[in-house]
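The sequence and structure are shown first.

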Protein chains: 2
Amino acid sequence: MARKPQDAPMQQSLKALLGLRALVLQGGVEPGKRLSEIALSERLNVSRTPLRAALQRLEQEHLVELIPSGGYAVRRFTHQEAVDSIELRGTLEGVAARFAAERGVVPARLKAAWSIVHALDETLDSNPDSFDFSRYEQLNEDFHETLADLSGSDVIRREIARVTSLPFASPSAFTNTHVNVPGFLKTLTIAQSQHRAIISAIEMREGARAEALAREHARLARQTLDFVMEEKPDLRTRVPALTLLAV
Amino acid sequence: MARKPQDAPMQQSLKALLGLRALVLQGGVEPGKRLSEIALSERLNVSRTPLRAALQRLEQEHLVELIPSGGYAVRRFTHQEAVDSIELRGTLEGVAARFAAERGVVPARLKAAWSIVHALDETLDSNPDSFDFSRYEQLNEDFHETLADLSGSDVIRREIARVTSLPFASPSAFTNTHVNVPGFLKTLTIAQSQHRAIISAIEMREGARAEALAREHARLARQTLDFVMEEKPDLRTRVPALTLLAV
DNA sequence: ATTAAACATATTGTATACAATTTGTCAATC
DNA sequence: GATTGACAAATTGTATACAATATGTTTAAT
């Protein structure tokens with residue numbers, strides 16, 4: 001679900017924004033070190049002006065921060081900040097679920113949500129050896145985007161989008177952990193049961209339950225984060241969401 | 001509580017940001033109309049470069065929006081967006097209160113919070129005719145800022161700051177309504193009882209209660225918003241928070 | 001009279017030049 | 001040898017020039 005219009009003005013600005021964000025997320029630049037504007041503009045083939053616009057925007061996303069002496073640096077996040085960001089996402093998705101339940105959603109959109117849930121079921125019902133990871137990840141992202149939409153509130157939708165722009169707060173942050181951790185598929189099964197329960201609660205107009213479920217669903221991500229950080233610290237370099245986390 | 005360092009880079013940028021924000025909030029420019037960069041830069045005595053930085057920042061605050069054909073315009077908000085923003089603030093302050101209760105706060109900070117509550121008591125105990133409105137407003141802002149601090153989470157603190165930058169979502173959005181609406185002091189009394197209850201719940205480590213109270217506290221603002229919009233639409237021009245709201 | 005097209009004007013988006021700070025280096029002094 | 005000072009290089013923050021695009025007006029055609 002790419003968004004071309006509105007989100008970014010023109011060609012060069014967009015190029016700078018996407019390029020810089022990708023560079024930061026892929027760990028292409030050292031956290032803490034000052035980002036040289038001239039070096040970056042040459043690397044991304046844009047002028048300093050659109051580059052600075054991109055830097056300012058990434059500052060709002062908390063991916064880079066202002067340095068007291070001037071300029072920007074890639075942020076390094078603490079474990080606690082990651083935990084709080086996940087809790088924040090859960091809170092916002094909880095509000096989205098409650099709004100959807102309380103205010104109601106048209107049948108067509110509910111049906112669309114169910115179809116995503118059923119598609120997720122299929123990926124998990126298949127032979128574990130032939131589990132289609134990338135399809136699960138895409139469907140999971142679709143589910144969370146749909147949940148934000150079901151809220152019917154642009155305010156909530158926008159805030160969720162902002163918070164999930166942080167890699168470790170994204171709903172798909174740890175879905176690919178299963179590639180490295182045997183038995184992680186179980187976690188996905190639990191997550192899927194929560195997906196189902198959330199949509200079910202929305203359908204039955206059970207606002208409080210929908211909210212509590214969405215919150216708990218996010219805490220599954222926290223659980224995985226804690227596990228990886230404590231038990232498998234070597235994975236930090238292989239799970240993209242964790243490259244920005246300090247030891 | 002002005003924040004000079006870190007928040008904005010240099011002199012001209014800061015001047016442009018503060019000047020433009022004030023201009024928009026005071027209704028100095030017509031919502032919907034395109035903001036002319038040259039006109040604004042002359043009006044604020046800054047160059048186009050820092051002005052555009054300010055525009056981009058206000059876009060993140062949702063105060064202005066990109067126009068498809070290019071440039072920015074002052075946003076006009078719907079009643080529903082205001083309602084959702086208030087609910088969002090309540091949700092975030094709820095998380096802050098719960099974090100404070102669950103994770104605990106050092107006695108000194110709790111004591112400081114209580115002293116604000118007691119100071120608020122004093123303003124309300126005084127003779128209604130000599131009610132010191134501006135002092136109440138300042139203390140109320142202090143309370144909400146302290147609540148965000150008590151969370152102990154920079155993530156939450158930052159998000160609250162962002163959301164409350166919208167005038168109608170600010171904790172003090174409607175405190176001056178009492179000047180125009182007789183009997184509104186009663187609402188402030190109710191609000192104050194909630195202030196007390198929130199800090200009390202935090203002190204007793206009652207996380208769920210603290211969260212519920214903070215949410216309900218924000219809904220008092222929604223109540224006032226609805227009242228003003230439905231019963232006293234003429235106040236729209238006199239309550240600063242409402243100048244950006246569409247009829 | 002109304003619509004459409006072509007042109008002129010104005011405004012944004014981008015690139016770059018300039019000035020003020022900051023950062024790094026080297027030498028002199030304690 | 002370490003530390004402080006001055007100086008040089010580099011980098012940011014700001015201003016402005018330029019190009020591409022949008023807007024408004026006039027003119028021509030139906």
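A residue counts as near a strand if one of its heavy atoms lies within 4 Å of that strand. The model discussed here is predicted. Chain B superposes on chain A by a rotation of 180°, and each of DNA strand C and DNA strand D is approached by residues of both chains.

**Relation between the chains**

- The superposition of chain B on chain A involves 0.0 Å of shift along the rotation axis and gives an RMSD of 0.0 Å. The two copies are therefore related as by a two-fold rotation axis.
- Of the interface residues of chain B, 100% are also interface residues in chain A, so the copies meet through the same surface.

**Surroundings of DNA strand C**

- There are 19 residues around DNA strand C, and those that come nearest are Ser13(A), Ser47(A), Thr49(A), Ser69(A) and Arg52(B).
- By class, this surface consists of four nonpolar, nine polar and six charged residues.
- At least two residues of the surface near DNA strand C come from each of α1 (11–25) and α3 (48–60) of chain A, and from each of α2 (37–44) and α3 (48–60) of chain B.
- Sugar or phosphate holds 69% of the atoms of DNA strand C that lie within 4 Å of the protein, and the rest belong to bases.
- Phosphate oxygens of DNA strand C take part in several of the polar contacts: a polar side-chain atom of Ser13(A) lies 2.5 Å from one, and a backbone N or O atom of Ser47(A) lies 3.1 Å from one.
- From chain B, a polar backbone atom of Glu37(B) is 3.3 Å from a phosphate oxygen of DNA strand C.

**Surroundings of DNA strand D**

- DNA strand D is surrounded by 18 residues, of which the closest are Arg52(A), Ser13(B), Ser47(B), Thr49(B) and Ser69(B). Among the atoms of DNA strand D that come within 4 Å of the protein, 68% are accounted for by sugar and phosphate.
- The surface near DNA strand D has four nonpolar, nine polar and five charged residues.
- Two serines of chain B have a polar side-chain atom close to a phosphate oxygen of DNA strand D, at 2.5 Å for Ser13(B) and at 2.8 Å for Ser69(B).
- A base is also contacted: a polar side-chain atom of Thr49(B) lies 2.7 Å from a base nitrogen of DNA strand D.

**Nonpolar core**

- In soluble globular proteins, nonpolar side chains tend to be buried together.
- The largest nonpolar core of this model has 156 residues, and Ile202(A) and Ile202(B) are those with the most contacts inside it.
- Beyond its neighbours within four places in sequence, Ile202(B) is in contact with Ala97(B), Ala100(B), Ala101(B), Val105(B), Leu110(B), Leu147(B), Leu150(B) and Ala210(B).

**Backbone details in chain B**

- Asn45(B) is not a glycine, yet it has a positive phi of about 60°. Asn45(B) is located in the loop between α2 and α3 of chain B and is exposed, with a relative accessible area of 58%.
- Arg205(B), likewise not a glycine, has a positive phi of about 60°. Arg205(B) is placed in the loop between α8 (185–203) and α9 (207–231) of chain B.

Key: Residues are numbered from 1 along each chain as its sequence is written. Chains are lettered from A and ligands numbered from 1 in the order in which they are written. This is a predicted model: local features need pLDDT of at least 70, side-chain atom pairs count only at pLDDT 80 or more; totals for chains, interfaces and linings use all residues. Side-chain values use heavy atoms; hydrogens and water are left out. A nonpolar core is a set of buried Ala, Val, Leu, Ile, Met, Phe, Trp, Tyr and Cys residues joined through side-chain atoms within 4.5 Å. Buried means under 20% relative accessible area, exposed over 50%, partly exposed in between (1.4 Å probe, protein chains only). Contact means heavy atoms within 4.5 Å. A polar contact is a pair of N or O atoms within 3.5 Å; within protein, one must be able to donate a hydrogen and the other to accept it, and residues adjacent in sequence count only if both atoms are side-chain atoms. Helices (H or I, at least four residues) and strands (E, at least two) are DSSP runs, numbered from the N terminus. Ala, Val, Leu, Ile, Met, Phe, Trp, Tyr, Cys and Pro count as nonpolar, Asp, Glu, Lys and Arg as charged, and the others, Gly among them, as polar. Copies are superposed by least squares on the C-alpha atoms of residues with pLDDT of at least 70 in both.
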